[in-house]
Amino acid sequence: MSLQGKVMGVDYAGTYAFASQWPQTQQTWFVRGELAYKTGRADYTSPRTSIDGTDNWYGEARALVGRDVQLGPSVLSPYIGLGLRQLHHDLRAENTLGYRRITRYVTLPLGVMHKQKWSKDSVLVTHLEYLHLVQGTHWAKFSDSNTFSSDVKLKQPKGQGLRVGALWRFDNWSMGPTLTYWNIDQSDPRGQTAIEPSNQTIEFGFKLNHLF
């Protein structure tokens, strides 16, 4: 199957940095919280079905902890954390049989940011991040019930992802491209009459941020 579409959304992030302590005055611990919501229409195709404009949205919440290390004019910030990502796909259309898919990932992000000052008011921020799937759960709802109980519940035990991006920060604004890649193995077939096949997801994006 294939699901392709365009989405728009909002991100909110907050960072708190602890005061550096002597003798490590060039190193500062920080904690960071992130929330994201994205929605849009996607076209679904499979060997038997083709549905245009299906509902598609996901939300994500992450908590990170890391350390800023001063390296001359730049700062290197390794970090680790825990994330929760939930996706909803409504693969139904008028007069067409279909179902709803709900997928939840618990992830362990491990990454590094690099901040380079280019002028008095501008900074280039790049990041590289590996995402380890701690647990994946997939629900397929074939009924019209809006309850979270599902006709099929599948476990996806293995998977990983990668995120890269660059943001050019000036004054209170920043902008730049992002790329996210997911590779999730098929669900555990033991004791199941159905499986969720292995899947790959590629997200190209462009961010425009306002700094408070």
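Which residues are linked in a network of salt bridges? I began with this question and found Arg-32, Glu-34, Glu-60, Arg-62, Arg-85, Glu-129, Arg-163 and Glu-203 linked in such a network.

**Entry 1. Basis of the notes**

I worked from a predicted model, in which local features need pLDDT of at least 70 and side-chain atom pairs count only at pLDDT 80 or more, while totals for chains, interfaces and linings use all residues. Residues are numbered from 1 along each chain as its sequence is written, and side-chain values use heavy atoms, with hydrogens and water left out.

**Entry 2. Salt bridges**

I took a salt bridge to be a side-chain nitrogen of Lys or Arg within 4 Å of a carboxyl oxygen of Asp or Glu. Side chains of opposite charge can pair when their charged atoms come close. My search of the whole structure returned 13 salt bridges.

I looked up Lys-38 and Asp-11, whose side chains meet in a salt bridge at 3.0 Å, N to O. This pair links distant parts of the chain, with Lys-38 in strand E2 and Asp-11 in strand E1 (residues 2-17), 27 residues apart. Strands (E, at least two residues) and helices (H or I, at least four) are DSSP runs, numbered from the N terminus. For exposure I used relative accessible area: buried means under 20%, exposed over 50%, and partly exposed in between (1.4 Å probe, protein chains only). Lys-38 counts as buried because its relative accessibility is 19%, whereas Asp-11, at 37%, counts as partly exposed.

I next noted the salt bridge between Asp-55 and Arg-41, with the closest N and O atoms 2.6 Å apart. Asp-55 lies in strand E3 (residues 50-71) and Arg-41 in strand E2, so this pair ties together parts that are 14 residues apart in sequence. Asp-55 is partly exposed at 35%, and Arg-41 is exposed at 52%.

I then turned to Arg-62, one of the network residues. Arg-62 forms a salt bridge with Glu-129, the closest N and O atoms being 2.6 Å apart. That pair links distant parts of the chain, from Arg-62 in strand E3 to Glu-129 in strand E6, 67 residues apart. Both Arg-62 and Glu-129 are buried.

Arg-85, also in the network, lies over the face of Tyr-58, at 4.2 Å from the ring centre. A charge sits over a ring if NZ of Lys or CZ of Arg is within 6 Å of the ring centre and within 35 degrees of the ring normal.

**Entry 3. Aromatic pairs**

How many aromatic pairs does a search of the whole structure find? I recorded four aromatic pairs. Rings of Phe, Tyr and Trp (its six-membered ring) pair if their centres lie within 6.5 Å; planes under 30 degrees apart count as stacked, over 60 as edge-to-face and the rest as tilted.

Tyr-105 is in strand E5 and Trp-182 in strand E9 (residues 173-184), 77 residues apart. Tyr-105 is buried at 6% relative accessibility, and Trp-182 is buried at 1%.

The pair of Trp-118 and Trp-168 is also tilted, because the ring centres are 6.0 Å apart and the planes stand at 40°. Trp-118 belongs to strand E5 and Trp-168 to strand E8 (residues 159-170), so the pair ties together parts 50 residues apart in sequence. I found Trp-118 exposed at 54% and Trp-168 partly exposed at 35%.

**Entry 4. Single residues**

I looked up Ser-74, which lies in strand E4 and is buried at 7% relative accessibility. Leaving aside neighbours within four places in sequence, Ser-74 is in contact (heavy atoms within 4.5 Å) with Val-69, His-114, Lys-115 and Gln-116. Ser-74 and Glu-60 are 14 residues apart in sequence and 29 Å apart in space, C-alpha to C-alpha.

Asp-171 has a positive phi of about 50° although it is not a glycine. Asp-171 is placed in the loop between E8 and E9 and is exposed, with a relative accessible area of 57%.

Thr-193 sits in the loop between E9 and strand E10 (199-210) and is exposed at 89% relative accessibility. The C-alpha atoms of Thr-193 and Val-152 are separated by 9.0 Å, and the two residues are 41 residues apart along the chain.
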